[in-house]
Amino acid sequence: MNILAIAYACEPNRGSEPGVGWNWVKLIANQPDVRITVVTRANNKPVIDKYLEEKDDMKAEFLYYDLPQSVLKYKHGDRGIKLFFTLWQKGVIKYLKKNVTLDDYDLVWDFNFGSLNLPLYTYKLKKRYVVGPVSTKKKMPKPYINELSTKAKMKYLLQQVLKEHLFLNPVVWKALKKSDRVVLCNEMSREFLPKTKQVGAEVVFHNGLVREDYPDVSVEQHGEKLEMIYSGRLIDTKNLETAIEALKIVKEAGKDFSLDIFGKGPLKEKLQRMVKTYGLEQEIVFHQKVTQKELFEEYTKKDIYLFPSLLEISSTSVMEAMYCGLLPICLEIRCMDFIFKDSPIVKVPCISPKEDAKALAEAMLALTPEEIFQKRKESRKKAEESFLWETREATVKELLERIRE
């Protein structure tokens, strides 16, 4: 089978969307009867070329397309990334029509940046095509929405309407209806597809870890003190305000703990003010950005990964924490089903800021050092058995067999 893959984000030695794109391509390319050609962003070329020079374990061929410099000069980090992605998707279809002999391929596979509600123009190639792995997100509980400012609430609700009612975007809806198959990141997303695509949609665990990126951890038991850590963006949906409310309760209960926060974002100053107001400066410490290696070294010194996020497709950071021997404490959100399944993760229902803060605090206070130690060992084992990309060969093979049918 000859596959032409469209992957805006596709880079080696990366997490999140670039890592997902790269590792899915790699797994598909490893199948004995598959030849895959990938078109990705031109700015990915240097890092891909370097990887291909140093290693011989990637069998895919690569093509590169990017937007003109007159457009790219306005791109700074992740700001406006959905707009640039949409423009790239439109441009890459024109590039492929002009520069690629489409008759050489049996199938086009559009990875579409992991999101069901981003524009797709793949149908214009008039080839059989697959979309995914992709997902969408359900609304946060109403009490959390009510905590947002009026402006933030209106923006969030508008975005959520578009995520849950894909037919409002005719480009997305038409592409999904014309697709041969949609590959989903979770079962929850099936209900948002066109009716004709719901039954045949595939659901896979789409994310993973590369063993070589992480330290060889030996889980050791620590003392009575709860040593906790968080890493990630400091934004509303990560819900750190609820975590700080929970830790206020933990301190009032007389429990000794610490929380190290690694990350940056627009809520940093607000969170720091909360910490000061609650007299938690000695327990909660904010850190500047560190390298991935340094972060993983910090993980190995801690017990608990505190992650009260409200919205995830699947969390690479939770998987990383588990691989490094940490016990995650999370809110029970549906999009994390694959990570939660058969896992020692401590979960509390996602209901409201007040109730969740209380439940998080109760969960922390109930954990004994012996229980934490046992669950940390189970976390490491779960990550080793379920989260490594190298364990996904069979999944991809079976998926390809079904797509051929």
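Helix α4 contributes the largest share of the positive patch, three residues. The structure is a predicted model, in which local features need pLDDT of at least 70, side-chain atom pairs count only at pLDDT 80 or more, and totals for chains, interfaces and linings use all residues. Residues are numbered from 1 along each chain as its sequence is written, and side-chain values use heavy atoms, with hydrogens and water left out.

The positive surface patch consists of Lys90, Lys94, Lys97, Lys124, Lys126, Lys174 and Lys178. At least two of its residues come from each of α4 (81–99) and α7 (170–178). Lysine 178 lies in helix α7. Helices are DSSP runs of H or I with at least four residues, strands are runs of E with at least two, and both are numbered from the N terminus. Patch members have over 30% relative accessible area and no salt bridge; like charges are joined within 9 Å, and nonpolar side chains (Val, Leu, Ile, Met, Phe, Trp, Tyr) within 5 Å. A salt bridge places a side-chain nitrogen of Lys or Arg within 4 Å of a carboxyl oxygen of Asp or Glu. Accessible areas follow the Shrake-Rupley method with a 1.4 Å probe.

A nonpolar surface patch is formed by Leu158, Val161, Leu162, Phe167 and Leu168, with about 460 Å² of accessible area together. Leucine 162 sits in helix α6 (residues 150–164). Its relative accessibility is 41%, so leucine 162 counts as partly exposed. Buried means under 20% relative accessible area, exposed over 50%, and partly exposed in between.

Aromatic pairs number 18. Tyrosine 8 and phenylalanine 85 form an edge-to-face pair, at 5.2 Å centre to centre and 80° between the planes. Tyrosine 8 is in the loop between β1 (2–6) and α1 (16–29), and phenylalanine 85 is in helix α4, 77 residues apart. Both residues are buried. The pair of tyrosine 305 and phenylalanine 307 is stacked, because the ring centres are 5.7 Å apart and the planes are at 20°. Rings of Phe, Tyr and Trp (its six-membered ring) pair if their centres lie within 6.5 Å; planes under 30 degrees apart count as stacked, over 60 as edge-to-face and the rest as tilted. Tyrosine 305 is buried at 0% relative accessibility. Phenylalanine 307 is buried too, at 3%. One aromatic cluster comprises Tyr214, Tyr230, Phe296, Tyr299, Tyr305, Phe307 and Tyr323.

Lysine 289 occupies the loop between β10 (284–287) and α11 (292–299). Lysine 289 is exposed, at 71% relative accessible area. The C-alpha atoms of lysine 289 and phenylalanine 262 are separated by 6.3 Å, with the residues 27 apart along the chain.

Technical notes
Lys and Arg count as positive and Asp and Glu as negative; His and the chain ends are not counted. The place of a charge is taken as NZ of Lys, CZ of Arg, CG of Asp or CD of Glu. Buried means under 20% relative accessible area, exposed over 50%, partly exposed in between (1.4 Å probe, protein chains only).
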